[in-house]
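Here are my notes on the model, as promised. Have a look at the structure first, then read the points with it open beside you.

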Amino acid sequence: MEQTSLTIVPQDSTDPREIFATETARLSALAPKLSAVLTEMESVARVEEIPIIGRLEGAVLRMLAGLHCRPGARILDIGTAIGYSALWLADALPAGGRIVSIEIDPERAARAEDYIARAGYADRIQVMVGDAFELIPQLGTFDLIFQDVMKHRYFGSDAFLALDLLKLSTSHLAGNGIMIIDNAFCGGKVFETDDAHTLNQVIGVRNLNEALANDPAFQSVIVPLRDGLWVARRVD
């Protein structure tokens with residue numbers, strides 16, 4: 001099946017409740033350099049249609065990482081794009097914490113490294129260029145994994161690759177670790193009935209949703225924020 005892209009999910013919802021929550025999140029104090037870089041990235045992403053998680057989801061991600069991570073924690077960010085989510089995660093890291101962020105597109109990875117350096121977090125984030133399936137087996141275990149890959153790039157050729165990436169991520173998640181997965185709704189396509197034109201990435205995300213929901217190794221829930229955010233805690 002052709003690897004057709006889905007419509008990019010806007011970084012900010014049109015739901016008035018999420019608009020209010022987003023504006024409230026903007027009142028939260030951030031370091032001046034980080035605040036300026038995040039604001040610039042949001043503007044660039046809108047103009048260039050780069051998929052980033054947006055201010056509200058970024059604040060939620062930072063909160064979850066801050067609640068869970070201890071000194072020396074390791075975070076894996078799968079799908080760097082231009083480094084927006086990695087910066088939110090880095091801002092929550094306690095002393096000695098490190099983030100490994102994987103990006104398959106070299107140009108986006110280079111832009112991410114520039115933004116990360118300008119924000120002052122180059123000492124906490126390592127951007128690796130390559131395919132997550134090839135890189136993750138080399139990386140050991142992590143206390144938190146955030147998965148936000150380009151679904152058409154990773155799952156477009158085969159819907160089962162979504163389950164493969166889930167299993168690979170699970171195998172590198174530490175005990176009591178947290179796994180967060182974006183786009184559980186796949187732009188709303190997971191709610192539709194399959195037909196001959198259903199994209200592999202949609203089928204893949206639907207299969208991932210079912211597998212994670214039924215996995216006894218996790219306590220998990222989809223938070224209906226933006227395009228759906230899986231939050232799962234390992235309990236096995």
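1. Helix 4 (residues 84-92) is mostly covered, with 8 of its 9 residues buried. Buried here means under 20% relative accessible area, exposed is over 50%, and partly exposed is in between (1.4 Å probe, protein chains only). The buried set is Tyr 84, Ser 85, Ala 86, Leu 87, Trp 88, Leu 89, Ala 90 and Ala 92. Helices (H or I, at least four residues) and strands (E, at least two) are DSSP runs, numbered from the N terminus.

2. Before going further, the ground rules: this is a predicted model, where local features need pLDDT of at least 70 and side-chain atom pairs count only at pLDDT 80 or more, while totals for chains, interfaces and linings use all residues. Residues are numbered from 1 along each chain as its sequence is written, and side-chain values use heavy atoms, with hydrogens and water left out.

3. Strand 5 (residues 173-182) is mostly covered too: 8 of its 10 residues are buried. Strand 4 (residues 142-147) runs parallel to strand 5, joined by 5 bridges; strands pair if DSSP finds at least two bridges between them. One of the links is Phe 142 with Leu 173. Strand 7 (residues 229-234) is antiparallel to strand 5, again through 5 bridges, and there Ile 181 has Trp 230 as its bridge partner.

4. Check the loop between strand 5 and helix 9 (200-213), where Asn 183 lies. Phi of Asn 183 is near 65°, a positive value in a residue other than glycine. Is Asn 183 buried or exposed? Asn 183 counts as buried because its relative accessibility is 12%.

5. Cys 186 is found in the loop between strand 5 and helix 9 as well. Its phi is near 50°, again positive in a residue other than glycine. Cys 186 is buried, with a relative accessible area of 3%.

6. Now the helix pair. Helix 8 (residues 161-171) and helix 9 pack at about 40° with axes 8 Å apart; axes are lines fitted to C-alpha atoms, for helices over the stretch in contact, and angles run from 0 to 180 degrees between N-to-C directions. The two helices are therefore oblique to each other (under 35 degrees is roughly parallel, over 145 roughly antiparallel, 65 to 115 roughly perpendicular, and the rest oblique).

7. As for who touches whom, Ala 162, Leu 163 and Leu 166 in helix 8 meet Gly 204, Val 205, Asn 207, Leu 208, Ala 211 and Leu 212 in helix 9, contact being heavy atoms within 4.5 Å.
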